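The stops below go from one selection to the next.

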Amino acid sequence: RTCEDVTVSGGNAGTPNAVATPPDELDGDLFVIGPEVPLVGGLADRLRAQGKRVYGPGADGARLEGSKAYMKQLLAEAEVPTARHGAFDTVEPALDFLRSLPPPYVVKTDGLAAGKGVFVTESLIEAEDDVKAKLAGVSFGDAGRMIVIEEGLTGPELSLLAICDGKRAVPLAPAQDFKRASDGDQGPNTGGMGAYSPVPIAGEALVGVVMDEFVEPTLATLARHDIDYRGTLYAGLMVTPSGPKLLEFNVRFGDPEAQAVLPRLRSDLFELLASAADGHLVDQPPQFGDDAAVCVVVASPGYPEAPRTGGLIDGLDDLSDLDDDVEVFCAGVARDADGRLVTAGGRVLDVVGFGPTIASARERAYAGVGRISIPGMQYRSDIAARC
C-alpha cells in the first residue's frame with residue numbers, strides 16, 4: 001500500500017493526505033489511533049461501537065498511560081520489575097517518601113503531560129519544589145495533582161514496541177531514545193529528542209526477556225481484568241546492572257522511536273495491524289531490514305519549557321538530492337498567511353537518516369539537519385554517537 005491509501009484525520013500542515021474530518025465521520029478498512037489523548041478519551045471504543053476495525057486500546061487499556069499510579073498498581077499485580085515508588089496526592093507524605101530515597105530523584109505527574117511530566121534531579125531541594133508545584137496544580141494542572149515518586153535508576157534506556165491482539169504480542173525492532181533536551185543527557189526531560197534502531201545491546205535474548213517478563217505478564221493481567229488490549233504496548237525500560245526495569249508503558253507508537261523503527265519494517269504494516277485489530281495476529285513475525293535508522297528531532301527555541309513558535313522553516317527543498325537516505329517527518333508545523341511552513345509547536349521536525357550502519361545513518365541524519373534553517377532551532381548533536 002502507498003501513502004495515497006492513507007487518510008489522516010487532523011495532522012499538521014506537513015502531513016500528507018491530512019483532512020479536518022473527525023475520525024468517526026470517515027470510512028476506512030482500518031483505523032489506527034496515534035495520539036494518547038484520544039485513546040485515553042475512549043475514541044477506540046466509540047469507533048468500535050460503530051462497527052469499525054480499530055487498532056488501539058479502549059479507554060480501559062489506555063489507563064496504562066493515562067495514569068502512572070494505575071500503571072504501577074497493575075505492574076505490581078503482574079510482577080513486572082520496576083523502580084521502587086509511591087503515589088501521593090498530598091505534600092507531606094510525598095516529601096517524607098522523597099527524603100527516604102537516594103539521589104537522583106524522579107517525580108512524575110500521574111496524568112498526561114505530553115512527555116514533559118517527568119522531573120529528574122540530583123538536588124533534594126529541587127525535587128521538593130517540584131513535588132509542591134505539581135501537587136498544587138501549578139506545573140501541570142489537574143494532571144499533576146497526583147504524582148508518582150520513584151527511585152532513580154541507572155543504565156542505558158531501551159524502547160520496545162509490541163503489537164498486541166488482546167491475547168498475544170509480537171515485538172518490533174528495539175530502539176533507544178534520548179529524553180533529555182541537551183547533549184550528554186543534560187537539561188530537562190522532553191517528549192524525545194532522537195532515537196535509533198537497531199540497538200546493539202538489545203539482541204534476541206534481551207528482547208525475549210522483555211517479552212517474557214514485561215509485555216506478556218502485563219497483557220495477561222489486563223485480560224484478567226476483562227480488558228481486551230488490541231494495539232501497541234510500548235515498553236520504556238532501563239537496563240540496570242541488575243537487569244531491565246520498566247520506566248513506563250505507553251499505549252501507542254512512541255515518537256521519535258516509531259520514526260526509527262517503522263521505516264525498517266519489511267513486513268506489510270497494514271496486514272500486521274489489521275490482524276491485531278481482528279484479535280488474531282499473523283503467524284509470521286515482523287521482518288526487518290538490516291539497515292539502520294537514526295532520528296534527530298529539530299525543536300523550537302525554548303523547548304520544552306516555553307517553545308517560541310512562528311519561526312520560518314527553510315531548507316526542506318534542499319534535501320531532495322539526498323534521495324532515499326534521509327526522510328523528514330513534520331510535527332509542530334503550520335502555514336502562515338503566505339503559505340510558508342512555520343513552527344507551531346515544541347518539536348518541529350524528525351529528520352531520519354538511513355544507512356548500512358548506525359554510523360552512516362547518523363551521518364546522513366545530521367547532513368539533513370544541516371540543510372534546515374529555523375530561527376533559534378535546537379537539536380542534540382550526540383544522538384547515537386556512542387554506537
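Select Glu79, in the loop between H4 and S5; helices (H or I, at least four residues) and strands (E, at least two) are DSSP runs, numbered from the N terminus. This is a predicted model, in which local features need pLDDT of at least 70 and side-chain atom pairs count only at pLDDT 80 or more, while totals for chains, interfaces and linings use all residues. Residues are numbered from 1 along each chain as its sequence is written, and side-chain values use heavy atoms, with hydrogens and water left out.

Glu79 has a phi near 60 degrees, a positive value in a residue other than glycine. Its relative accessible area is 70%, so Glu79 is exposed (buried is under 20%, exposed over 50%, partly exposed in between, with a 1.4 Å probe and protein chains only).

Next, go to Asp226, in the loop between helix H7 (204–224) and strand S15 (230–240). Phi of Asp226 is also positive, near 60 degrees, in a residue other than glycine. Asp226 counts as exposed, at 70% relative accessibility.

Now display the sheet that contains S5. Four strands make up this open sheet, in the order S5-S8-S6-S7, with antiparallel pairing (two strands pair if DSSP finds at least two bridges between them). Strands S5 (85–88) and S7 (118–121) are at the edges; each has a single partner strand, so one side of each is left without a neighbour in the sheet. On average, neighbouring strands here are turned by 15 degrees against each other, direction ignored. The axes are lines fitted to C-alpha atoms, for helices over the stretch in contact, and angles run from 0 to 180 degrees between N-to-C directions.

Zoom in on S6 (residues 105–109), which pairs with S7 in the antiparallel sense over four bridges. Tyr105 has Thr121 of S7 as its bridge partner. A cis peptide bond joins Pro103 to Pro104, with omega about 0 degrees.

Helix H4 (residues 68–78) lies across S5, S6 and strand S8 (147–151), at about 50 degrees to S8. Helix H6 (residues 124–135) lies across S5, S6, S7 and S8, and runs at about 10 degrees to S6.

Which elements give two or more residues to the lining of the second largest pocket? First show the pocket, whose volume is about 300 Å³. Of its 15 lining residues, Lys116, Val118, Phe119, Pro188 and Asn189 lie nearest the centre. The elements that give two or more residues to this lining are S7, H6 and S13. On a 1 Å grid over the protein atoms alone, a pocket is an open set of points with protein on both sides within 12 Å along at least five of seven lines, and lining residues have an atom within 4 Å of a point. Points are joined across faces, edges and corners, and the volume is the space filled by probe spheres set on them.

Stay with Asn189, in strand S13 (residues 186–189). Asn189 is buried, with a relative accessible area of 15%. Its side chain makes a polar contact with the side chain of Arg180 at 3.0 Å (a pair of N or O atoms within 3.5 Å; within protein, one must be able to donate a hydrogen and the other to accept it, and residues adjacent in sequence count only if both atoms are side-chain atoms). Beyond neighbours within four places in sequence, Asn189 is in contact with Lys116, Val118, Val120, Lys179, Arg180 and Pro304 (heavy atoms within 4.5 Å).

End at Pro304, in the loop between strand S17 (292–299) and strand S18 (326–330). Tyr303 and Pro304 are joined by a cis peptide bond, with omega about 5 degrees.

Terms used. 1 Å grid on protein atoms, 1.4 Å probe; cavity = no way out; pocket = protein on both sides within 12 Å on 5 of 7 lines; lining within 4 Å.
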